[in-house]
Each structure stands twice: as C-alpha cells, then as structure tokens.
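Hello,

Here is the structure I said I would pass on.

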Amino acid sequence: AEVSGRSRGMSVSEAFSTQKGETVLTLVAPAAEGDQPPPLMVVTAAGVAKRLEIAEIAGTGNGKTFLKLKSGDTVVAAFPAPDATDVAMVTSNGQALRIEAKTVSIQGRGAAGVAGMKLADGATVAGAGPVGDDTIILTHTDAQTAKVTDAGEVPIKGRGTGGVRITKFRDEK
C-alpha cells in the first residue's frame, strides 16, 4: 500500500515471497516501453560476477534461479552496472578490487558467471557496488575499528585478480 507521513511501510517478506534462507538485496523492474535499463551486476561471496539484462530477470518465473551458485556460495550484492561503470568488490580480509563493469559479460540466467575476484584462503567477498566520483569504501573489524578509503584510490585491475590491500589487520577480523 501507499506509504505516507511517518509510516514505516511494510516488511519485505510481506511484499515478496522468498525461499528459506533468502534475503531481498535489490528490486528491479522492467523499463518503460522504448527504454533500455542497464544490466544488473550480481556478485557472490565466492568472488563470482555476472551481468544480466533486466528483461531476462523479469522473465524468470517465481522460484526459478537466474544464477547457478556453487554449493555454499551466496549472492552478496546486486546493482545496475552499465558498461561505463566501474565496480568495487571488498573482501573479508581487507582486499579491494576495482574493475570495469564491461569486463563482466552479459549472460543468460542458466550461466554460472565469471571469475570476478580471486580470493585468499578463507576470505569471502563481503560487499560490492558501483564506483562513482564520491564513492568511499568503509571497512570495519570485529574490534570496532573502521577505515574509510576513497574508492578512487583503488586502481582499476583486471577481473579474476586479488585486488589491493586497503586495511591491515592485527589481532582483529
């Protein structure tokens, strides 16, 4: 229903049916007639990246997948990623990789994606997103320390690489 005033809206689980263990990360909608929306970039905890056309996602039936995940892998980010966009991926061990979105091919829903980021043993991709002029990367630890890095300081590298260290850990994670 329409939200107005100080209303908190409604729970996402009331609006959209999800399978056990699923979480809504982003919403997409078909474009107006004649418009071509940018592809959606999907990044997984295992460092896999995939771009899909919005029409492909909109045409996917309820309960059907649009990304073949390997056992134990999960989607950590989904966002619009036109060819001219740079994308940053950040790992649980303080690495960041910046790539050009156009290096990730647009695939159909049956494809498993491509190597987005190479990960060290035990590391996972914690988050990913588009890089703009004022984008920052905020890293934080279990010891409640935090660091802000200008995403422009992370050099563009090829996908499938480990990126650069942006946070050094001592006794923290």
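Predicted model: local features only at pLDDT ≥ 70, side-chain atom pairs only at ≥ 80, totals over all residues.

Four strands make up an open sheet, and their order is 7-4-5-10 with antiparallel pairing. Strand 7 (125-131) and strand 10 (164-165) are at the edges; each has a single partner strand, so one side of each has no neighbour in the sheet. As background, the strands of a sheet pair through backbone hydrogen bonds. Strand 4, residues 86-91, is joined to strand 7 by six bridges, and the two run antiparallel. To find your place in this pair, look for D86, which lies opposite V131 of strand 7.

The hairpin. Strand 8 (residues 136-140) and strand 9 (residues 146-150) run antiparallel and are joined by five bridges. T139 has K147 of strand 9 as its bridge partner. Five residues lie between the two strands of this hairpin, and Q144 takes a positive phi near 65°. In a regular strand, side chains alternate between the two faces of the sheet. Strand 8 has a covered face with I137 and T139, while I136, L138 and H140 are on the uncovered face.

The patch. V12, F16, V24 and L27 make a nonpolar surface patch of about 340 Å². One of these residues, F16, sits in the loop between helix 1 (12-15) and strand 1 (40-44). Is F16 buried or partly exposed? Its relative accessibility is 39%, so F16 counts as partly exposed.

Regards

Notes. Residues numbered from 1 in each chain as written. Heavy atoms only, no water. Patch = residues over 30% accessible without salt bridge, like charges linked within 9 Å, V, L, I, M, F, W, Y side chains within 5 Å. Areas by Shrake-Rupley, 256 points an atom, 1.4 Å probe, with all protein chains shown as cover. Salt bridge = Lys/Arg side-chain N within 4 Å of Asp/Glu carboxyl O. Buried < 20%, exposed > 50% of the residue type's maximum accessible area, 1.4 Å probe, protein only. Pairing = 2+ DSSP bridges.
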